[in-house]
Amino acid sequence: MDDVAALLGAWMMRQRWYATKGRTPRIRIIGTARLGDATDGARSFIHLVVDEAPEVPVLYQVPVVGRAMLVPDSPALICEAGGEYLYDGPHDPAFTAALLDAISGERAIAGDDVSMVGTAFGASGRVVGSRVLGGEQSNTSIVYDLEGGPLPFVIAKVFRVLHHGENPDVTTQAALTQGGSHRAPPLVGYLTATWPDPGRDSGTATGQLAFAQEFLPGLDDGWRVALRAAVDAESFADRAYDLGIATAEVHATLARVLPATAAGPDDIADALVSMGARLSVATKEVPGVAALAESISAVYSAAAEGDLPPLQRIHGDLHLGQALLSPERGWMLIDFEGEPLRPMDERSRPDSTLRDIAGMLRSFDYVAGALANTDGTDARDWASEARRSYVDGYIASSGFDVRGHRLLLDAFELDKAVYEAVYESRSRPTWVGIPLAAIERLIARSAPMPG
Ligand SMILES: Nc1ncnc2c1ncn2[C@@H]1O[C@H](COP(=O)(O)OP(=O)(O)O)[C@@H](O)[C@H]1O
Ligand SMILES: O=P(O)(O)O[C@H]1O[C@H](CO)[C@@H](O[C@H]2O[C@H](CO)[C@@H](O)[C@H](O)[C@H]2O)[C@H](O)[C@H]1O
């Protein structure tokens, strides 16, 4: 096993999803489960491995397929070990079929030090093809072509980094499916695992490994649709209005199906404390934020006077890239995993719907920012119209007086822009000016009127 661990580590460090780039992994396999054998003899496994090289060890899921024969020219080859060739599971048809079978067959799988079980919401179908979606980053998404079932296409998202506890990408979308929402692709099912965790009182941890949902082929996400409209100076008002309705409908279903609680002054105080904490981290990392920190704090303090609408499950990282526009079904929301920079256990807590609204408002501003960055096009009016219309649509569907909570909404927007400044400085430094400009605007508009 030690040899396999070292070989896996050498391969993992070259993968997009390897979380601590630049380090040499120190891998220990803590559990292995065999998903099944294909008719050609290929054996599908999921290894759970801990990388002990970083200060805080990271737990990964590594699905592999063992084959006796070499697959010529396969880019999915990981290594040769124990007399067989190991392949990266999501890129191998034996694993992709076994994964969907484990989910939709609701199979309980007892492995070495790890157990797994599938939960299904409906039948899927016979797999006739599968491929990994491009742009693989922290997760790996597999698209399936199916026959003989209710859905022609399914997408399975395989989480590479694992955590104990519920993953909102699964549980929030499961709630939407159970609540009958048409605003998110219906869930087909998911795979849960339990593994040893000496750091926990129970000695074990449980979390989701993967989920599958309907795949809607050929759709553009909202970011592309909006960017195209802005480039053509074509109004986005109607589509933004509909997106406001879609957001409100998702919120309504989630409030009905998952716990929602009235918010009191303590909740506002907590929300503002957490904004303050994010701000202080951001000031250490982004000089542009540090320069504005005092004024940002003043906006947060002003918001303390407001009243917070009820708290409930939300999307958590809503932006145009998380909305798909279907000609037949309208806007649908995806990727309910929450903000990647926020700890997983915080992401399922009841939160304010204003956070999602603020996230989408930021996204319209980003379209203008991205255009100004690329060719200097001024799309500020385009963005203002889209922002107004989005809020109008949200109010029309929910009846919730968003504009009556302007101070809090500004605070959530600022908080998101602060998050974005950190995100951009780490991932796309040339874009950091977009959230920084928004922070300046939000501060200016919140400043008390002179005289
Ligand atoms: N159900 C779906 N139907 C169609 N496309 C999807 C679906 N789910 C995801 N996608 C596509 O896959 C991309 C990545 O999915 P996402 O859930 O955002 O994964 P990640 O968290 O890895 O970014 C999306 O931008 C979208 O283009
Ligand atoms: O899609 P993810 O869940 O990984 O979200 C992260 O990446 C997003 C960028 O892809 C980032 O979104 C920011 O940039 C978008 C344009 O590319 C813009 O529409 C968003 O409004 C803006 O926040 C997101 O913040 C981050 O969590």
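Author: Happy to! Let's begin with strand S11, residues 187–196, which runs antiparallel to S12 and is joined to it by 9 bridges. For one place to look, find Leu187: the residue opposite it in S12 is Gln213. Please keep in mind that this is a predicted model.

In case pairing is new to you, the strands of a sheet pair through backbone hydrogen bonds, and they can do so in a parallel or an antiparallel way.

Now widen the view. S11 and S12 belong to an open sheet of 7 strands with antiparallel pairing, and its order is S6-S7-S11-S12-S10-S9-S8. What stands at the edges of this sheet? Strand S6 (108–110) and strand S8 (126–132) do, and each has a single partner strand, so one side of each is left without a neighbour in the sheet. As you step from one strand to the next, the twist averages 20 degrees.

A helix joins the picture here. Helix H2, residues 93–104, packs on the sheet and touches S6, strand S7 (115–120), S8, S9, S10, S11 and S12. Compare its direction with that of S11 and you get an angle of about 95 degrees.

Strand S9 (139–147), strand S10 (153–159) and strand S12 (204–214) each give at least two residues to the shell around ligand 1. In total, 18 residues surround ligand 1, and the closest are Asn139, Pro185, Phe215, Leu216 and Asp335. Sorted by class, this shell has 8 nonpolar, 5 polar and 5 charged residues.

Where do the shell residues come from in the chain as a whole? The domain assignment gives domain 1 (2–214) and domain 2 (220–446), and the shell around ligand 1 draws at least three residues from each of them. The C-alpha centres of the two domains lie 31 Å apart. Where the domains meet, 19 residues of domain 1 are in contact with 23 residues of domain 2. On the domain 1 side, the touching residues divide into 5 nonpolar, 11 polar and 3 charged.

Finally, have a look at ligand 2. It is surrounded by 13 residues, of which the closest are His319, Leu320, Arg362, Ser363 and Tyr366. Helix H9 (353–375) and helix H11 (406–427) are the elements that give two or more residues to this shell, and H9 gives the most, with 3 residues. By class, the shell around ligand 2 has 5 nonpolar, 3 polar and 5 charged residues.

Conventions: Residues are numbered from 1 along each chain as its sequence is written. Chains are lettered from A and ligands numbered from 1 in the order in which they are written. This is a predicted model: local features need pLDDT of at least 70, side-chain atom pairs count only at pLDDT 80 or more; totals for chains, interfaces and linings use all residues. A residue is near a molecule or strand if its C-beta atom, placed from the backbone, lies within 6 Å of it. Helices (H or I, at least four residues) and strands (E, at least two) are DSSP runs, numbered from the N terminus. Ala, Val, Leu, Ile, Met, Phe, Trp, Tyr, Cys and Pro count as nonpolar, Asp, Glu, Lys and Arg as charged, and the others, Gly among them, as polar. Domain bounds come from an automatic or database domain assignment. Two strands pair if DSSP finds at least two bridges between them. Axes are lines fitted to C-alpha atoms, for helices over the stretch in contact, and angles run from 0 to 180 degrees between N-to-C directions. Two residues are in contact if their C-beta atoms, placed from the backbone, lie within 7 Å.
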